[in-house]
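Open the model in your viewer and keep the selection tool at hand. Each stop below says what to select and what is there.

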Amino acid sequence: MTPRPPGTESASSGRADAAEYEVDVDLDAVVAEVLAWGGPRLRDLPWRHTRDPWRVLVAEIMLQQTQVSRVIDRWERFCEIYPTPADCAAAPLGDVLRLWQGLGYPRRARNLHLSATRLVDDHGGEVPGDLDALLALPGIGPYTARAVLVFAFERDEAVVDTNIARVLARLVGRRLSPKAAQQLADALVPAGDGWLWNQSLMDLGATRCRPRPACEACPLAVVCAWCVAGHPDPDPAIGSAGVGGRQAPFVGSDRQARGEVLRDLMVSARPSERYRPEIVASLITDGLVVADDAGVISLP
Ligand code: SF4
């Protein structure tokens, strides 16, 4: 480990200037190790074979709250049926929701459908390669917007998901705020290798630096502050940039009840009185269900 005062990294490597963090880690060594590790080992995920911005956007939205293994088939089917934003925008939301079934958090499907309409109306049917324009789309936050720039447009941006935030916090040996994690991630992106760098770091977090880390198989073991220190409590990843938050139990939840209503409506319209009023009301508020004057509810 090479002590390095804050700011000197950018002067020597051309990476982000004036980073507002202090690290005691050799960032050049980190980048070299992660790229060498990731190059031959990246998980073979179908969205990594495309640079089509729409397909990348669909993947990133599906991956926001759903495991990779459950997304693969759905993503392939979705891209087959809606290969462009125009195809998605032209479909009834109900059809998009049917395709979304099983992925959970269906508000994402509505936001994707709304985004497709916005892309057709305002961007000529194309996904823009511009951070502000991406952030203006419904349901697109900083992570997803940057992910599209990196994974579709191959920009040298940094994404920080929970996997990456966990690696970064342990690497520097302390809890990182979202802002600090993003600044550190920005400073690490190697020029010209943003795509491989972000995919590699993500896979490192997904396969090595898991909640229970496999440091013996990690290329960062000799430079990682938390590992070198012998894994002292508390784990700096917990509470860093969104890491550590547990999902509320699904069974018995409103999420489950909402999913059951939607599943019924995928078969046919139903009287709303069959269901808890607050569940129906929340689905109507979210634009996932419509009701007629007789109180019959259906998909939009
Ligand atoms: S050495 Fe261990 S704690 Fe550090 S980044 Fe690798 S897996 Fe994570």
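The tour goes from the ligand to a helix, then to some loops, and ends at the domains.

This is a predicted model, in which local features need pLDDT of at least 70 and side-chain atom pairs count only at pLDDT 80 or more, while totals for chains, interfaces and linings use all residues. Residues are numbered from 1 along each chain as its sequence is written.

The shell has 14 residues, and C209, C215, C218, C224 and C227 are the closest. Helices here are DSSP runs of H or I with at least four residues, and strands are runs of E with at least two, numbered from the N terminus. The most comes from α10, with 3 residues.

Now colour the shell by class: 12 residues are nonpolar, none is polar and 2 are charged. In this scheme Ala, Val, Leu, Ile, Met, Phe, Trp, Tyr, Cys and Pro count as nonpolar, Asp, Glu, Lys and Arg as charged, and the others, Gly among them, as polar.

**Helix α10**

Select α10 next. Is this helix enclosed or open? It is largely enclosed by the rest of the structure, because 10 of the 11 residues of α10 are buried. A residue is buried if 20 or more other C-beta atoms lie within 10 Å of its own, exposed if 12 or fewer, and partly exposed in between, with C-beta atoms placed from the backbone. The buried residues of α10 include N163, R166 and R170 as well as I164 and L168. Just after α10, G173 takes a positive phi of about 75°.

**Loops with marked backbone angles**

Go to the loop between α9 (142-151) and α10, where E154 is placed. The phi of E154 is near 55°, a positive value in a residue other than glycine. E154 is partly exposed, with 15 other C-beta atoms within 10 Å.

Then move to the loop between α13 and α14 (254-265), which holds P234. The peptide bond from D233 to P234 is cis, with omega near -5°. H231 also lies in the loop between α13 and α14. Although H231 is not a glycine, its phi is positive, at about 60°. H231 counts as partly exposed because it has 13 C-beta neighbours inside 10 Å.

**P106**

Select P106, in the loop between α6 (93-100) and α7 (107-122). Which residues does P106 touch, leaving aside its neighbours within four places in sequence? P106 is in contact (C-beta atoms, placed from the backbone, within 7 Å) with L97, W100, L262 and L288. P106 is buried, because 20 other C-beta atoms lie within 10 Å.

**The two domains**

Finally, colour domain 1 (52-151) and domain 2 (254-298). Their bounds come from an automatic or database domain assignment. Taken over C-alpha atoms, the centres of domain 1 and domain 2 are separated by 24 Å. The contact takes 6 residues from domain 1 and 6 residues from domain 2. On the domain 1 side, α6 and α7 each supply at least two residues. By class, that side has 2 nonpolar, 1 polar and 3 charged residues.

Note on methods: Near = placed C-beta within 6 Å. Contact = placed C-beta atoms within 7 Å.
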